[in-house]
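Have a look at it before you start.

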Amino acid sequence: MQGFFRSFFTVSFYTFLSRILGFVRDILIARFLGSTVTSDAFFVAFRIPNFFRRVLAEGAYSAALIPVFSGVVIDSKNDHEAADFVENTMSLLLFVTVILTFIFFFGMPYIIQILAPGFSANKEAFDLAVHFGKIIFPYLIFISLVAHFASINNVHGKFVAGAFAPAILNISLILSLFILTPQLSTAGHALSYGVLIGGLFQFIYLYKAVLKFYRPRIRIPHFDKKLKKFLRLFFPGLIGSGVIQLNIVIGTIIASFLPIGAISHIYYADRLNQLPLAIFGIAMGIVLLPSLSKAIKQNNKEEITTTQNRSLEFCLLIALPSAAGLYILSSPIIYILFERGAFLPEDTFYTAKVLSIFALGLPAYILIKVLVTCFFAREDTKTPLYISVISVIINIVLSLLLIGTMREMGIALATAISSWVNAVLLFFILRIQNNILLDSRFINSSFKIIISAIVMSVGCYFINQMIFSNLQDFNSLLQIVSLIFVIICCKIIYLAMIFMLKVLTVQELKGYIQNKV
C-alpha cells in the first residue's frame with residue numbers, strides 16, 4: 001500500500017498546486033467580472049468544455065481506457081500491441097472531437113438555449129454566451145487528447161504530467177486577464193481565448209510526456225476487438241462518472257431563470273467545494289483505477305479488499321472535516337477571497353449560502369469517486385450509469401421544487417441530496433455483488449473519524465465566532481492571516497483527536513510522508 005499512497009500523494013500535491021492557481025484565477029475573475037452579465041455568460045460557455053474536461057480527464061475516458069489498456073500491457077509479450085492500441089484510440093478520439101467541435105461551433109446558439117434557456121429573455125447575455133462558446137469549444141479537442149495521454153501515463157505508474165496539466169490552464173487564464181483584457185472588449189473575451197491557449201499548451205506538455213513510452217501517429221481508426229470493448233465501456237461511463245458534473249450543469253440550466261448573478265454564485269461556490277474533491281477524491285480515483293484493475297486481472301483478492309477499504313477509509317478521513325470546515329467557515333472564506341471590485345456583499349451572502357449547502361454533499365462526492373472506480377476497475381460502466389440516471393432525476397425534481405423558495409441554494413441542496421443517494425446506491429450494489437467487504441479496521445476507524453470530526457466542528461464553530469465576529473474591521477492581510485490561523489487550529493484539533501483515538505499512528509503518517517515523492 002505504500003506505493004499506492006506514494007502515487008496518491010504525488011497526484012494530490014500537483015492537484016493542490018493547480019487548485020491554488022485556480023483560486024488565484026477565480027479571485028481575479030471575481031475582481032474583473034464580479035457577478036455580472038458577462039461573468040454569467042462566460043461561465044455558461046465555459047461549462048460545456050469544462051464538463052467534458054472533468055468527465056474525460058477525471059472519469060469516463062480513463063475508466064474505459066485504463067482497464068482495457070492494463071490488460072493489453074499485462075498480456076502482450078511486446079510493446080507493439082500496446083502501441084497499436086494507443087494509436088488507434090487516439091486517432092478515433094481526435095476524429096470524433098474535431099467533428100463535434102464543428103457541430104457545436106455552428107450550433108452554438110441552440111446549445112446555449114439548452115444550457116441557459118433563461119438567457120432567451122436577455123439578448124446581451126445570450127449573444128455573449130454564444131460568442132464565448134464559439135471561441136472556447138475547440139478546447140475540447142486538446143483536453144480530450146490530454147486525457148488520453150494522461151491515462152496512458154497512469155497505467156505505466158507515471159502520474160505527475162496528468163496531475164500538473166490543469167495548472168497550465170490556470171496559468172493561461174491568469175495571464176490572459178492581464179495581457180489580453182486591455183486588447184479586447186471585455187475580460188470575458190480574454191478568458192475565452194485564455195482557455196483555448198491553455199488547452200494547446202496542455203496538449204503539448206502531455207504529448208511530450210507520453211513520448212517516453214510511445215510515439216503515436218494519426219491514422220484511420222481500426223475497429224478491432226479492443227477498440228470495440230473500449231467503446232462499450234466508454235459511453236455508459238461518460239454519464240456514470242460525470243454525474244456530479246452533470247448535476248452542476250443541470251443546476252446552471254435551472255439557475256439561468258434566476259436573477260443575474262445566480263450562475264456565478266453557483267460557480268464560485270462549486271470551485272471552492274471542488275478543492276477537497278479534486279485533491280483527495282479525484283486523486284484517489286486516478287491512482288486507484290490502474291492499481292485496482294491490475295489486482296482484479298491478477299485475481300489478488302487480498303490486495304483488492306485492502307485497497308478498497310483503505311481508499312474508502314482515507315476518503316472519510318479527509319471528507320468529513322473538509323465538509324464541516326467549509327460549512328462553518330463559508331461566509332468568512334467567501335468574504336476574504338472574493339469580496340472586492342465587482343464582487344459585492346450581496347454576492348458574498350448568496351455564494352456563502354450555496355457553498356455551505358454544497359459542503360453537506362462533499363463526503364458523498366468524494367466517496368462516489370472511489371465507489372465508481374470499484375465498478376470501472378471491473379469493467380462495469382453500466383451500473384454507475386443506471387444509478388446516475390436516478391440521481392439526475394432526483395436532482396431535477398428537487399431543484400424545481402426548491403428553487404422557488406431557496407433560489408440557488410435550492411439547487412445546491414438538490415445536488416447534495418442526489419449525490420448522497422448516488423453514493424448509497426453504489427455501495428449497496430457493490431455489497432450485493434460481493435465486490436466490496438468492509439473489514440473491521442474500516443468500521444472501527446469510521447466511528448472514530450466521525451467522533452473526531454464532531455469535536456473539530458465544535459471547536460471550529462467557537463473559533464469562528466471569536467475571530468470573525470468583526471471581520472470587516474480587519475485589513476486584507478489580517479483577514480487572510482486570520483483565516484489561515486483558524487484553519488490551522490481546526491486541523492490541530494482534528495489531528496489531535498485522530499492520534500488520540502489511534503485512527504492513524506505517527507509511525508504510519510511518517511511512512512506515508514516519507515514515501516510521497
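Predicted model: local features only at pLDDT ≥ 70, side-chain atom pairs only at ≥ 80, totals over all residues.

Q: How many aromatic pairs does a search of the whole structure find?
A: Rings of Phe, Tyr and Trp pair if their centres lie within 6.5 Å. The search covers the whole structure. The number of aromatic pairs found is 20.

Q: Are the rings of Phe42 and Phe46 stacked or edge-to-face?
A: The ring centres of Phe42 and Phe46 are 5.5 Å apart, and their planes make 15 degrees. Planes under 30 degrees apart count as stacked, and those over 60 as edge-to-face. At 15 degrees the pair is therefore stacked.

Q: Which helix holds both Phe42 and Phe46?
A: The two residues are four residues apart. That is about one turn of the helix. The helix, residues 37-58, is H2.

Q: Is Phe42 buried or exposed?
A: Buried means under 20% relative accessible area. Phe42 has a relative accessible area of 1%. Phe42 is therefore buried.

Q: What is the relative accessible area of Phe46?
A: Phe46 counts as buried. The cut-off for that is under 20%. The relative accessible area of Phe46 is 3%.

Q: How far apart in sequence are the parts tied together by the pair of Phe43 and Tyr267?
A: The ring centres of Phe43 and Tyr267 are 3.8 Å apart with planes at 15 degrees, so this pair is stacked. Phe43 is in helix H2, while Tyr267 is in helix H12, residues 262-297. The parts that this pair ties together are therefore separated in sequence by 224 residues.

Q: Which residues do ring pairs link into a cluster with Phe42, Phe43, Phe46 and Tyr267?
A: Phe43 and Tyr267 are both buried. Ring pairs link them, along with Phe42 and Phe46, into a cluster.

Q: Which residue has its charged end over the ring of Phe105?
A: A charge can sit over a ring if it is within 6 Å of the ring centre. Here the charged end is 5.4 Å from the centre of the Phe105 ring. The residue is Lys134.

Q: At what distance from the ring centre of Tyr350 does Arg407 lie?
A: Arg407 lies over the face of Tyr350. Its distance from the ring centre is 3.9 Å.

Q: Are helices H13 and H19 roughly parallel or roughly antiparallel?
A: The axes of H13 (residues 301-328) and H19 (residues 440-467) come within 9 Å and cross at roughly 15 degrees. Angles under 35 degrees count as roughly parallel, and those over 145 as roughly antiparallel. That makes the two helices roughly parallel.

Q: Is the crossing of H13 and H19 left-handed or right-handed?
A: Residues making the contact include Leu316 and Leu320 of H13 and Ile449 and Ala453 of H19. H13 passes H19 in a crossing that is right-handed.

Q: What is the phi of Asn434?
A: Most residues other than glycine have a negative phi. Asn434 is in the loop between helix H18 and H19, and at 64% relative accessibility it counts as exposed. Asn434 is not a glycine, yet its phi is positive, at about 60 degrees.

Q: Which residues are in contact with His189, leaving aside its neighbours within four places in sequence?
A: His189 lies in helix H9, residues 187-210. His189 is buried, with a relative accessible area of 12%. Its contacts beyond those neighbours are Leu128, His131, Phe132 and Leu184.

Technical notes
Residues numbered from 1 in each chain as written. Heavy atoms only, no water. Phe/Tyr/Trp six-rings, centres within 6.5 Å; stacked < 30°, edge-to-face > 60°. Buried < 20%, exposed > 50% of the residue type's maximum accessible area, 1.4 Å probe, protein only. Lys NZ or Arg CZ within 6 Å of the ring centre and 35° of its normal. Axes fitted to C-alpha atoms, helices over the stretch in contact; angles between N-to-C directions. Parallel < 35°, antiparallel > 145°, perpendicular 65-115°, else oblique. Left-handed = near helix turned anticlockwise from the far one by under 90°. Contact = heavy atoms within 4.5 Å.
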